[in-house]
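This briefing sets out computed features of one protein chain for a reader working with the coordinates. The sequence and the structure are shown here.

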Amino acid sequence: MEQYYTSPQPFIFRVKHAWLVIGLYLAVTLIVTFPVGLLEAAIVPIFGQLDWLKDWILLVTTVITYAILFFILYYFFKQFYSSQPLLELSRVDGMTYLLLLFVILSFAITIEPIVSWLAKIPMPKFIEEAMAIMTKASIPFFIMAVIVAPLCEELLLRGTILRGLLTSINPWKAIVWTAFLFALIHMNPAQGFTAFTIGILLGWIYWKTRSLWTCIFVHFVNNAFAFICIAIAGPEKAAIATFQSLTGLSPVLVYGTSATVLALSGYLLWRKYRRVG
């Protein structure tokens with residue numbers, strides 16, 4: 001009897017898979033963080049409040065969390081990850097990176113008033129404690145915020161979720177869904193708003209360039225800019241540090257200039273890629 005063999009159906013990444021990825025992220029974070037919290041509770045009575053040690057523990061915990069998460073995701077979505085390398089080099093020219101630099105810096109400055117207002121909204125204590133850690137310009141926080149976060153969050157959000165959704169739903173729906181999930185994992189209004197708005201930009205960039213490196217670059221510049229502002233402001237004023245407050249320039253001048261640069265660089269970037277995708 002003649003036998004017929006059919007090739008396996010290609011894996012289709014849908015919105016439910018995006019929620020599964022976020023669920024796994026939250027679950028792994030909780031599983032890793034809980035024993036670390038117990039370890040910190042045991043250390044404090046012996047060594048006292050060692051903030052520098054807590055900072056390093058947080059960094060190591062973050063790295064371990066992402067390592068476990070990506071191991072699990074690769075197990076679940078091996079066919080999806082194997083279809084195309086996530087970090088392959090693409091032919092994105094220097095002009096694109098220059099425009100992206102102007103776009104993200106001017107964007108970060110332009111939305112400062114909104115972020116400052118949202119930061120005043122009362123938050124649960126555990127979120128306030130997490131935010132307090134981010135006001136310290138320490139070496140482990142620099143590594144975590146400026147190096148680990150841009151790389152790992154882009155691999156998770158744009159490299160996994162958005163790349164997958166672009167194969168199954170309308171590009172703008174995929175971009176908005178990814179930006180929403182990006183905001184969700186930050187779990188506070190100020191960072192959530194920034195994550196959502198920048199997530200829209202990052203989603204559009206990935207859609208047009210198909211390069212995860214462009215997204216990592218934008219994410220890196222945004223976080224590095226925030227870190228520099230925090231470092232200049234110092235621990236006492238870090239929570240309310242803005243480019244305008246640090247420079248002492250007129251708000252009209254700062255935000256008028258940033259909005260103009262954003263509009264011009266954004267238009268040039270859009271014009272460059274409007275026929276792509």
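The structure is a predicted model. Its protein chain contains twelve helices and zero strands. Of the 277 residues in the chain, 41% are buried.

**Overall architecture**

- Read from the N terminus, the elements of the protein chain follow the order α-α-α-α-α-α-α-α-α-α-α-α.
- Among contacts in the protein chain with a separation of 6 or more, 80% are between residues 24 or more positions apart.

**Surface**

- The protein chain has an accessible surface of about 15,600 Å², and carbon and sulfur atoms account for 71% of that area.
- A nonpolar patch on the surface consists of Trp19, Val176, Trp177, Phe180, Leu184 and Phe196, which together have about 500 Å² of accessible area.
- Helix α8, spanning residues 171-184, supplies the largest share of this nonpolar patch, with four residues.
- Tryptophan 177 is located in helix α8. Its relative accessibility is 30%, so tryptophan 177 is classed as partly exposed.

- Glutamate 154 sits in helix α7, which covers residues 139-165. Because its relative accessibility is 0%, glutamate 154 is classed as buried.
- Leaving aside residues up to four places away in sequence, glutamate 154 is in contact with Ala149, Gly159, Leu202, Leu212, Cys215, Ile216 and His219.
- Glutamate 153 also lies in helix α7. Its relative accessible area is 11%, so glutamate 153 counts as buried.
- With residues up to four places away in sequence again left out, the contacts of glutamate 153 are Tyr66, Val148, Arg158, Phe182, His186 and His219.

**Cysteines**

- A disulfide is a covalent bond that joins the sulfur atoms of two cysteines. The structure has zero disulfides.
- Cysteine 152 is buried because its relative accessibility is 12%, which falls under the 20% cut-off.
- Cysteine 215 has a relative accessibility of 0% and is therefore buried as well.

Note on methods:
Residues are numbered from 1 along each chain as its sequence is written. This is a predicted model: local features need pLDDT of at least 70, side-chain atom pairs count only at pLDDT 80 or more; totals for chains, interfaces and linings use all residues. Side-chain values use heavy atoms; hydrogens and water are left out. A disulfide is a pair of cysteine sulfur atoms within 2.5 Å. Buried means under 20% relative accessible area, exposed over 50%, partly exposed in between (1.4 Å probe, protein chains only). Helices (H or I, at least four residues) and strands (E, at least two) are DSSP runs, numbered from the N terminus. Contact means heavy atoms within 4.5 Å. Accessible areas come from the Shrake-Rupley method with a 1.4 Å probe; for residues, only the protein chains shown count as cover. Patches are made of residues with over 30% relative accessible area and no salt bridge: like charges are joined within 9 Å, nonpolar side chains (Val, Leu, Ile, Met, Phe, Trp, Tyr) within 5 Å. A salt bridge is a side-chain nitrogen of Lys or Arg within 4 Å of a carboxyl oxygen of Asp or Glu.
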